[in-house]
Amino acid sequence: MQRRGAGLGWPRRQQQQPPPPAVGPRAAAMAPPSGGVPPGLGGRAACALLLFCYLNVAPSLGRQTSLTTSVTPKAEQSTAYKDFIYFTVVEGNVRNVSEVSVEYLCSQPCVVNLEAVVSSEFRSSIPVYKKRWKNEKHLHTSRTQIVHVRFPSIMVYRDDYFIRHSISVSAVILRAWITHRYSGGDLNVKWEDNLLHAVAKNYTLLKTVPPFERPFKDHQVCLEWNMDYIWNLRANKIPQCPLESGHLHIQMHLVKGEDLAVKTKFTMPLKEWFRLDLSFNGGQIVVATSLGQDLKSYHNQTISFREDFYYNDTAGYFIIGGSRYVTGIEGFFGPLKYYRLHTLHPAQILNPLLEKQLADRIKLYYERCAEVQEIVSVYTSTVQQGGGRPEACDLRNSYLDLKLRYGRPSTCRAFPWKQELKDRHPSLFQTLVEMGLLTVPRNQNESVLEVGGRIFEKAVKRLSSVDGLHQISSVVPFLMDSSCCGYHKASYYLAVFYETGLSVPQDQLQGMLYSLVGGQGSERLSSMNLGYKHYQGVDNYPLDWELSYAYYSNIATKTPLDQHTLQGDQAYVETIRLKDEETLKVQTKEDGDVFMWLKHEATRGNAAAQQRLAQMLFWGQQGVAKNPEAAIEWYAKGALETEDPALIYDYAIVLFKGQGVKKNRRLALELMKKAASKGLHQAVNGLGWYYHKFKKNYAKAAKYWLKAEEMGNPDASYNLGVLHLDGIFPGIPERNQTLAGEYFHKAAQGGHIEGTLWCSLYYITGNLETFPRDPEKAVVWAKHVAEKNGYLGHVIRKGLNAYLEGSWHEALLYYVLAAETGIEVSQTNLAHICEERPDLAKRYLSVNCVWRYYNFSVFQIGAPSFAYLKMGDLYYYGHQNQSQDLELSVQMYAQAALDGDSQGFFNLALLIEEGAIIPHHILDFLEIDPTIHSNNISILQELYERCWSQSSEESFSPCSLAWLYLHLRLIWGAVLHSALIYFLGTFLLSVLIAWTVQYFQSVSASGSRPTPARASSDPTAPSTSPAVTPAADASAQDQPTVTNNTEP
């Protein structure tokens, strides 16, 4: 991840990017057990490594960075002057003459030094340019001097008749420093001693150009015609490295501080699995290599130095496979073992290659691809030279050009291939015959890649047909050929087809092969797929957060660059759920009603419509194709005709950066000031960016950025972090990575992409005390950025458009491709499609679509509540091969409830009514105190009350009705078991007995002579008294029995 300079935001999107989610309770509750590689690797060791080396790669330093130390510019109102030096390279790469603008301030008579040093394969810190000058008169004043740095021709030009041995340079450092004349700095002092007395210094890295991408030098010399002709025949030919080439390059730091490099006498094997053992002891290096599964000895070499190496594995971090500064090899790494503080003989090291089947398949893949590349290369070169064109077989005639342009494609059959080779690659030969190859590049590698792209486009066209899923099995051979040609979008398609069994037999190992191949080619979706699988530890990928970070950070670094390119198959990544009907209604195209209405309102001068229309066109949002040129027209119209500060700011950015319009810094600054005066915090940050980039006035830049940060601008927080990281923050003379990290973290919380990248780097390395090493958190932040990549957005948009058009085959295809990258919204959308069309899912997918992708989504941070509810239902009822699991069902419903979904509380309550017991840790999760709610009735009341409070319905909801029904049951139960019922029962029974006795007396009296009634005086006469039933045990009446069997 290369640090970018102070940033100015691009034209604003419709919605602010949400901050990267923190790894919180949900991840702890739902994620698999933690694992990974223990931290703290590095230093003296004997290590065993298995490699499959494919290409010989020279290290490269990537994009320009600028690091500054001990630099404090003059404050605007300060009277204290401190020395500083800063320079700007007009061109960021190495040129024959590079123009450098050096700005400096001396507080005393000083000497300004400028030096360019380079590093090649075998030597480092080679000075190639030196210049120094005195400054004795202009003190306490910022000065600027233009210097033309001239680099040697062998560094900037290709080999030609005069330059026979141009060199490949891995790094070019341009550094400058100031020394005071009376403190050890003088023109006569040696450069090395002069640097030791520097009071301010600065350096930057220049981008190197590979030898065969450099221009030819115009020597202003005419060669003899025969020499010129012979040279031109081979001038544009790039020599290919033989298969056996490739030395091991080792660089070390000695105790006295010198850096040395050495390479082995023997070459590393290519297209072979081999084990590499490196042992460092004192000043000695022992290198041993073994080939194949049986570890047959290949080469051994001992390299000795007179001075010991400098060992320190307590600082920094250990990296295998390349770093921020040096690219890794193009190959595959097997298991790694590291032995600290002691060495072992290679025979004592046990480090077997565990995935033997996968290793064999990788080897077979590259053997097949070697054949494919040779066929394509020979075919294209033959066609371009005329040997395979129709004119090589037909007589030349005046109608040949018309026939080539409009006639049916045909070729000569006289290509040098045997029938056996044609039988092994029938689809490839068929495609080459049908393809017009006269326009492919003449460079061999470029022509093979171009053919691979055309084969892929042909395959995708068939997959986009009405019955595209039915075509997959016939398209697979074409995708395999495209993958072999280096077009790794095809590799990702194959990986997904085999891993999910999409219209092909499911083969996890073959899917892993193509995913690794795609990742090796830095294909964005393949790398995200690998990062996601290692992050979650699914589909037989080992759980490995460090490895996951490596894949995600690669794409995360490319994401802001892709966004600013505004080219290619990219679209803005929008969170659109297929269950959200309101959002689906506003999706449009250039001829859609929504777009046409916005265009109508924008034409009438509606500022909000102009802004929205420009955003849709600039970023490719809401289903509209990306069209920066049209967007800029609306930005300009809105900025110049309205007083809307947002439109004024957006147009100012476009003018500053010259995106689709000629740069106009004066007008841009005027507009930026106007927007800032209206209180737009983005414009305040933009003014700081202007004074930092163009005026080099860091005090003024910091003032604007501090103001913008107070207004809540994340770009300003990031820019303040850059000042602290470069050591040029006014009043703070040194670099302060801790403060820089705090500002980057604040920017990341506001959704700033570069700030998020820095935070992920800090978490994976743990180099700062404020960022303790946390690989899981590093993955989460890098994943958050990678999932904004425009190429992923393009795939998601194609799936959404197909869904809206009712093209089910195409929608299912693209949502499967997006879901396998690990982006949650596509996983839930794919599960929804499979619910809507279970026939398609069952026919074409070997995996259980609904279960797989809802299950994947609930392990993501920020998953929607309906996914937890769906998984709770699947666990409750059981699904196909999955048995019922009430405990997991309760966990899913509890997570939905915690997200504020009333249905989660309702389903938990119904489970309790059915007799289920909610574990205490789930109650704690829901913040329900078991000591207060000690029985099921109390918990039911709490759940129904929360359900009612979370319900969005204005009238009676199921939650409110369930709450009322529960309380009616409780009241009725209380009535049936109260003392009142005993009193009423006794009274009624007494009345009944008295009436019965009276009735029998009257009946018996009717049979005798009636006599006047009189009261009995017999005190012993029995009196009627009710029979009282003994009261039931009160303890048995405390809890009424609940038998409601309503299912969730």
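## Exercises on a predicted model

Ser522 is found in the loop between helix H12 (508-520) and helix H13 (524-536). The structure is a predicted model.

**Exercise 1.** Determine whether Ser522 counts as buried, partly exposed or exposed.

Solution. Start from the cut-offs: buried means under 20% relative accessible area, exposed means over 50%, and partly exposed lies in between. The relative accessibility of Ser522 is 26%, so Ser522 counts as partly exposed. A further point concerns its backbone: Ser522 is not a glycine, yet its phi is positive, about 60 degrees.

**Exercise 2.** Locate His140 and describe its phi and its accessibility.

Solution. First, the location: His140 lies in the loop between strand S6 (126-135) and strand S7 (143-150). Next, the backbone: phi of His140 is positive, about 60 degrees, although His140 is not a glycine. Last, the accessibility: His140 has a value of 36% and therefore counts as partly exposed.

**Exercise 3.** Check whether the span of helix H10 (residues 472-484) agrees with its number of residues.

Solution. The expected span is 1.5 Å times one less than the number of residues. H10 has 13 residues, so it should span 18 Å. The end C-alpha atoms of H10 are 18 Å apart, which agrees.

**Exercise 4.** State how many residues of H10 are buried, and what follows the helix.

Solution. Of the 13 residues in H10, 10 are buried, and the helix is mostly covered. Among the buried residues are Ile472, Val475, Phe478, Asp481 and Cys484. After H10 comes Gly486, with a positive phi near 90 degrees.

How values were computed:
Residues numbered from 1 in each chain as written. Predicted model: local features only at pLDDT ≥ 70, side-chain atom pairs only at ≥ 80, totals over all residues. Heavy atoms only, no water. Helix = DSSP H or I, 4+ residues; strand = E, 2+ residues; numbered from the N terminus. Buried < 20%, exposed > 50% of the residue type's maximum accessible area, 1.4 Å probe, protein only.
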